[in-house]
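Look at the model below.

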Amino acid sequence: MRAAVFQEAGQPLTIETIPDPVPAEDEVVIAVRGAGICGSDLHITQHAGITRPGTVLGHEFAGTIAALGAGVAGGWKVGDRVTALPLFPCCACEACDAHMPNLCSHGNWAGVTPERPGAYAEYVVARGSLLQAVPAGVGDNDAAMIEPLAVGHHSVARAAIRPGEAVLIIGGGPIGAAVALFARAAGAKHVVVSEPAAARRDRCGLLGATATIDPTSEDVAKRFAALAGKRPDVVFECVGAPGLLHQAVELVGLRGRVIVAGVLFEEDRLPPLTAFIKEVTIAYSQAYTERDFAAVIDALARREIDATPLHTRTVTFDELPAAFEALRGNPLECKVLIDPR
Ligand SMILES: [Zn+2]
Ligand SMILES: [Zn+2]
């Protein structure tokens, strides 16, 4: 099969022919109809030493079942439209016992190491137990975006939003936009996105944000108070940059909740006294569970959400290496999908 292979930081992906995958006992092979380029794919290939040469990236995908291992349960058959959690949990730890495969620290992800090739390819392997059916009413583009939507859904579930609440989202990239979508669907009255890039602010306006703020030219606290008449009940940090958790704690209201969805790879500072005197709750949100995938698919199938503004364009295999490099630091783009067919 053809696949886009990571060589080294600073070099474009190369399109190569590699062996077709063969499913293990508990695995399925999915013929990819759409795969998403994720900010984390860009991040882990930016610097030397994070991702090893030979890795096929891609953990956001949907397609049809091409082959099944003999031990896959659930009545799946070749040709079924599916997506899957791109996880290979160990199935023997505390997290796995509690149906939190996202928190298994002994497992692996598709598209992060050479041992588990991802979906920048004609075929990708998934764990049979983590398959999710894609109903006929959910199109291929939406299906390929179920994974990033599930990240947003999980963050909103962690916040336990109550109808009428006021929400501030720091960062209007794909995850911030997905959080806006599900925060609104959860009944938040004010969903305000703080984002420096105008194109991202505009897109969040199409995806459920009731207002947007440019933090480079406006005072976020004052503007939020003018919009909502109070401080935020919930602040989502959807960027993962130093200082933003501090800012979130400063901005949130009394007994407010701060949900951290952005990934930060370095130490950061927090104002403990500010958090203390407001009794702030800080909760981290990592990836998703099967329930998030199921809820996203249900919301798409019932037309309760419209995720189409997230998708900005689709590229072919041949266009992929250049498109991948062009995405670095380009806020005009949101979700770029690969169609390997
Ligand atoms: Zn991702
Ligand atoms: Zn485990």
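Q: How many of the five residues of strand 11 (residues 190-194) are buried?
A: This is a predicted model: local features need pLDDT of at least 70, side-chain atom pairs count only at pLDDT 80 or more, and totals for chains, interfaces and linings use all residues. Residues are numbered from 1 along each chain as its sequence is written, while chains are lettered from A and ligands numbered from 1 in the order in which they are written. A residue is buried if 20 or more other C-beta atoms lie within 10 Å of its own, exposed if 12 or fewer, and partly exposed in between, with C-beta atoms placed from the backbone. Strand 11 is largely enclosed by the rest of the structure, because the buried residues number five of the five.

Q: Which residues of strand 11 are buried on each side?
A: Strands (E, at least two residues) and helices (H or I, at least four) are DSSP runs, numbered from the N terminus. Both faces of strand 11 are covered. One side has His-190, Val-192 and Ser-194; the other has Val-191 and Val-193.

Q: What is the order of the strands in the open sheet of six?
A: Strands of a sheet pair through backbone hydrogen bonds, either parallel or antiparallel. Two strands count as paired if DSSP finds at least two bridges between them. In this sheet the pairing is parallel, and the order is 12-11-10-13-14-15.

Q: Why is one side of strand 12 (211-213) and of strand 15 (281-284) left without a neighbour in the sheet?
A: Both strands stand at the edges of the sheet. One side of each is left without a neighbour because each has a single partner strand.

Q: Which residue stands opposite Ser-194 in strand 12?
A: Strand 11 and strand 12 pair in the parallel sense over three bridges. Opposite Ser-194 stands Ile-213.

Q: How many of the 12 residues of helix 5 are buried?
A: The buried residues include Pro-174, Leu-181 and Phe-182. Helix 5 is mostly covered, and the count is 11 of 12.

Q: How far apart are the end C-alpha atoms of helix 5?
A: The expected span of a helix is 1.5 Å times one less than its number of residues. For the 12 residues of helix 5 that should be 16 Å. The end C-alpha atoms agree with this, at 17 Å apart.

Q: At what angle do helix 4 and helix 10 pack?
A: Axes are lines fitted to C-alpha atoms, for helices over the stretch in contact, and angles run from 0 to 180 degrees between N-to-C directions. The axes of helix 4 and helix 10 are 8 Å apart, and the angle is about 110 degrees.
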